[in-house]
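Dear colleague,

Here is the structure I promised to pass on to you. Please look through it first, and then read the notes below beside it.

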Amino acid sequence: MNPQLFDTIATLQPIPADRFQLSELSLAPLPRGQVGTIVEIYTTQPDPHYLIEFSDRQGRAYALVTLQSQEFLLLHYDLAAA
C-alpha cells in the first residue's frame, strides 16, 4: 500500500473525538468504515502520517484527523488500480 495525495480511504476502527484537529461534530467518534480523503502526507517520521479530511455529500468538511496507514484501508474504484 502506497497512499497518495487525494486517495480515498475508509477507517478500520472508530476514531475518538480527542484525535480530531478540526471538527464540526459534537465530539462523537468517527465510526469504523467512515470514508475520507488524504489531503496531506507527513514524511518527517519513519512511518508516514496522513491528514484525512472527512466531508459530507455537499463537500463540507466536518473532521480532520491524522492517521497512520494501519488505521485505514485504501479504496479503489477501478480493478486495475487494485
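A residue is called buried when its relative accessible area is under 20%, exposed when it is over 50%, and partly exposed in between (1.4 Å probe, protein chains only). Please keep in mind that this is a predicted model, in which local features need pLDDT of at least 70 and side-chain atom pairs count only at pLDDT 80 or more, while totals for chains, interfaces and linings use all residues. Residues are numbered from 1 along each chain as its sequence is written, and side-chain values use heavy atoms, with hydrogens and water left out.

Of its 82 residues, 30% are buried.

Two salt bridges were found, where a salt bridge is a side-chain nitrogen of Lys or Arg within 4 Å of a carboxyl oxygen of Asp or Glu. In one of them, Glu 71 pairs with Arg 19, and their closest N and O atoms are 2.7 Å apart. Because Glu 71 lies in the loop between β5 and β6 and Arg 19 in the loop between β1 (8–11) and β2 (20–23), the pair ties together parts that are 52 residues apart in sequence. Glu 71 is buried, at 8% relative accessible area, whereas Arg 19 is partly exposed at 30%.

Arg 60 forms a salt bridge with Asp 56, with 3.1 Å between the closest N and O atoms; here Arg 60 is exposed at 52% relative accessibility, and Asp 56 is partly exposed at 28%.

Best wishes

Conventions: Helices (H or I, at least four residues) and strands (E, at least two) are DSSP runs, numbered from the N terminus.
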